[in-house]
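Take a look at the structure below. The report starts at the ligand and then moves on to the backbone.

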Amino acid sequence: MANVAFIGLGNMGGPMAINLVKAGHQVTVFDLSEQACQQLREAGAEVASSAGEAATGVDYVLSMLPAGKHVAGVYLGEEGLLSQLDGSTTVLDCSTIDAATAREVGEAAAAAGVGFMDSPVSGGVAAAAAGTLAFMCGGSAETFEKARLILGDMGKNIFHAGPAGAGQVAKGCNNMLLAIHMIGTCEALEMGARNGLDPKVLSEIMLASSGRNWSLEVYNPYPGVMENAPASNDYKPGFMVDLMAKDLGLALEIAEQCNFENPMGQLARELYVQHQGAGNGQRDFSSILEKLKGQ
Ligand code: NAD
């Protein structure tokens with residue numbers, strides 16, 4: 001069992017850290033929110049008074065923070081964790097952030113002799129609690145072998161995507177495709193419905209045909225088709241429009257940095273940003289159906 005510091009105990013980090021405690025690791029946590037820390041104290045973790053204190057003498061530092069600026073703030077600069085760590089600690093940042101910041105932290109870690117992987121996840125709060133997340137890792141093969149030892153206690157699929165930053169690129173590619181096929185699925189279902197087809201029957205037809213995709217399989221966006229999908233529960237998330245809009249912004253940055261024109265990804269982002277601006281940020285991302293319906 002390992003000594004682990006966990007920084008950032010929000011909707012995702014909280015249940016992930018709890019799973020590490022349950023797996024028998026010695027977990028020391030830090031979050032700016034006392035309430036978030038209290039939840040982990042009750043679950044059996046030690047609570048530190050700063051990220052630096054949490055990371056002292058540990059085998060692994062894990063973080064699950066909102067965006068690139070928070071990750072840079074925690075790791076870089078004179079006050080950052082990398083200034084106090086050495087080769088005995090492996091750093092795994094599981095946040096979804098821009099690939100450029102992930103590469104920058106990866107380079108700073110390499111200069112400090114610290115193993116680093118950007119390790120963003122696929123799967124939401126439910127998968128974090130169930131320990132079934134997918135991790136997409138960017139870093140060296142050596143660090144990946146160390147990362148697997150601990151990520152396996154929070155997830156079931158762990159991929160080595162490439163060098164530092166590659167995890168964030170994989171995540172950007174995946175979520176761009178998710179947005180595109182969700183919007184496409186909504187369009188197909190609404191077009192069928194306006195022609196008198198039952199969305200449930202049309203979904204069965206497309207599931208058995210070449211339009212089959214994840215949105216149809218497990219996340220049908222049409223209310224009433226799939227009992228457990230957010231669409232049948234007034235689009236309660238699930239995966240929020242705010243997060244999808246954020247991820248599509250990151251995907252656009254990745255495309256721009258490699259001079260790639262990604263018309264479908266750009267259109268998906270425009271539609272989600274408009275939907276977000278109309279007050280739907282906290283709703284599930286499958287509620288984009290309502291925008292297409294003109295509601
Ligand atoms: P959240 O806002 O619920 O949690 C973030 C936590 O980080 C908060 O508790 C906050 O207090 C803490 N924090 C911020 N700055 C800090 C600092 N300097 N030191 C210590 N703690 C700090 O966010 P979340 O939903 O848990 O998401 C975290 C990351 O996971 C994001 O990058 C998000 O894009 C990604 N993600 C979220 C989901 C999801 O469904 N929620 C799914 C996949 C990936």
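This is a predicted model: local features need pLDDT of at least 70, side-chain atom pairs count only at pLDDT 80 or more; totals for chains, interfaces and linings use all residues.

T96 places a backbone N or O atom 3.0 Å from a ligand oxygen. For P66, a backbone N or O atom is 3.1 Å from an oxygen atom of the ligand.

## The shell around the ligand

How many residues surround the ligand? There are 22. K246 is among the closest, together with N11, M12, D31 and L65. By type, the shell holds eleven nonpolar, eight polar and three charged residues.

Where do these residues come from? Domain 1 (3-164) and domain 2 (169-293) each give at least three residues to the shell. Helix 4 (68-75) supplies at least two, and so does helix 11 (241-257). The ligand takes up the space of the largest pocket.

## The loop between helix 10 and helix 11

Now to the backbone. The loop between helix 10 (214-218) and helix 11 contains G238. The peptide bond that leads from P237 to G238 is cis, and its omega is near 10°.

D234 is found in the loop between helix 10 and helix 11. Is its phi positive or negative? The phi of D234 is positive, near 55°, and D234 is not a glycine.

Conventions: Residues are numbered from 1 along each chain as its sequence is written. Side-chain values use heavy atoms; hydrogens and water are left out. A residue is near a molecule or strand if one of its heavy atoms lies within 4 Å of it. A polar contact is a pair of N or O atoms within 3.5 Å; within protein, one must be able to donate a hydrogen and the other to accept it, and residues adjacent in sequence count only if both atoms are side-chain atoms. On a 1 Å grid over the protein atoms alone, a cavity is a set of points where a 1.4 Å probe fits but cannot get out, and a pocket is an open set with protein on both sides within 12 Å along at least five of seven lines; lining residues have an atom within 4 Å of a point. A molecule sits in a cavity or pocket if more than half of its atoms lie within 2 Å of its grid points. Helices (H or I, at least four residues) and strands (E, at least two) are DSSP runs, numbered from the N terminus. Ala, Val, Leu, Ile, Met, Phe, Trp, Tyr, Cys and Pro count as nonpolar, Asp, Glu, Lys and Arg as charged, and the others, Gly among them, as polar. Domain bounds come from an automatic or database domain assignment.
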